[in-house]
Amino acid sequence: MRHVLGFGFACGTAVCRVQREGRSRSFGRRFATSMAVQVESLGSKFKIALLQVSVGADKQANLSSARKKIEEARANESKLVMLPECFNCPYDNKYFPEYAEEVPEVGTKLGDFKPGSTVEMLQKAAAEHSLYIVGGSIPEISEGKVYNTSVSVSPTGTIIAKHRKVHLFDIDVPGGIRFMESEVLSAGNSLTTFEVGGMKIGVAICYDVRFPELSLLLSGQGAKLLCIPGAFNMTTGPAHWELLMRARALDNQMYVAACSPARDPDGSYVAWGHSMVCNPWGMVIAEADETEQIVYSEIDLERLTEVRQSIPVTKQKRSDIYAVTGPDL
C-alpha cells in the first residue's frame, strides 16, 4: 500500500494529492508568493531585535512607542527588528475596523504613500536608521475587507514584503477562551518571503504557525529565518507558544523569531508575551518574560548550515512514499 501526501505550488496553486492503491484525488487553494526584492546582504552572522511593546487604545501612542523601541534596537547594532502582531491597536475584533488602514503593495517607496500612516512610520524609521523592519501586523482595509497584515521594509524605506494572515484565529476552548477572527477579518491567500542579499526570510502571523505545511513550504523555498508576529493568550500561550516555535525551528532546521505584545492584565485580550528566538537545533536561545522589553539574538547562518549537514533530513526524505512539490522545492 502506497500513500502520497503532497503540498506544493503549481501555477500559484497549493495542491494536496493523496494516492492510495492507485487511486488519487486532488484539492487545491490559491496562493501567490510575495514579490522578491534583492537588497543588501546581512552577512553570515547578524543581530535581530524583537520589540515586545505595550499596546493600548491610543494609536499614536502605540506608534510613538514602537518608533522609540526601533531607535533603541538600532543603537544596539540590530540589523533587523520585528514588531508584534497588532502593534498599533488592541487585539480585539471590535477595534480592527476602527484602526484599519490601507496598506501599499510591495515595491512602494518612501514618500509614495499616505503621510501619517502606520506604514509611513515604518518606512521612515527603516530609512532613518538603515535597518530592516518586519512590521508586526496591523489591521488593513482593502476593497471593503479587513485583513491582519504584516509589512516588511528595507533600509531604503521600500516595502519588500506584505503578508496577510492566512489562517484566521477561530477557537473555542471550554473554560479558556473563545475568539473568532472570521467574524471581522478576511483571510489572506499568500505565502510570503523576502530576499536579503540572497538569503530568504519567511513571514507568518500567529495562528499560521500551527499549520506545519506553511513553514515547510517556506523552508522549501529557501527561507532560513521565519519571522512570526504573534499574540498568544493566557490559555494557549503557556501550553503551546514555546512548543510550536521550537517545533517549527526543528522541523525545518531554521531560525524562528516570534514577537508578542507585552502583557496587559487589564486588556480585553491578555497576551502571553515571551517573545523568543529558536535556533535550527530547536532550542530557545533568547526569550523575554511578559513585560515590555527588547529581545536580542544573533542569527548565525554558519550554525544553520552545520545543523543541516549534521542531520541532513532534507536529503533523506522518502519521495517514493510521500512528496512535497512546488517551485524551488
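## Stop 1

Select Leu243: its relative accessibility is 55%, so Leu243 counts as exposed (exposed means over 50% relative accessible area, buried under 20%, partly exposed in between, with a 1.4 Å probe and protein chains only). This is a predicted model, where local features need pLDDT of at least 70 and side-chain atom pairs count only at pLDDT 80 or more, while totals for chains, interfaces and linings use all residues. Residues are numbered from 1 along each chain as its sequence is written, and side-chain values use heavy atoms, with hydrogens and water left out.

Leu243 belongs to helix α5 (residues 236–252). Helices (H or I, at least four residues) and strands (E, at least two) are DSSP runs, numbered from the N terminus.

Gly282 is in the hairpin of β16 and β17, which has five residues between the strands, and takes a positive phi near 85°. Select both strands, β16 (residues 276–278) and β17 (residues 284–287): they pair in the antiparallel sense over three bridges (strands pair if DSSP finds at least two bridges between them). Met276 has Glu287 of β17 as its bridge partner.

## Stop 1

β12 and β13 (residues 199–203) pair in the antiparallel sense over five bridges. Thr193 stands opposite Gly202 in β13.

Colour the buried residues of α4: Leu214, Ser215, Leu217, Leu218 and Ser219. Just after α4, Gly222 takes a positive phi of about 110°.

## Stop 1: aromatic rings

The structure holds nine aromatic pairs. Rings of Phe, Tyr and Trp (its six-membered ring) pair if their centres lie within 6.5 Å; planes under 30 degrees apart count as stacked, over 60 as edge-to-face and the rest as tilted.

Show Phe169 and Tyr207. Their ring centres are 5.4 Å apart and their planes lie at 70°, so the pair is edge-to-face. Phe169 is in the loop between β9 and β10 (170–172), and Tyr207 in the loop between β13 and α4, 38 residues apart. Phe169 counts as buried at 6% relative accessibility. Tyr207 is buried too, at 15%.

Next, show Phe179 and Tyr269. Here the centres are 5.7 Å apart and the planes at 80°, so this pair is edge-to-face. Phe179 is buried, and so is Tyr269. Then select the cluster linked by ring pairs: Tyr91, Phe96, Phe169, Phe179, Tyr207, Phe211 and Tyr269.

## Stop 2: helix α3

Finish at α3 (residues 118–129), with 12 residues. Nine of these 12 residues are buried, including Met121, Leu122 and His129. Just after α3, Ser130 takes a positive phi of about 50°.

How values were computed. Expected span 1.5 Å × (residues − 1).
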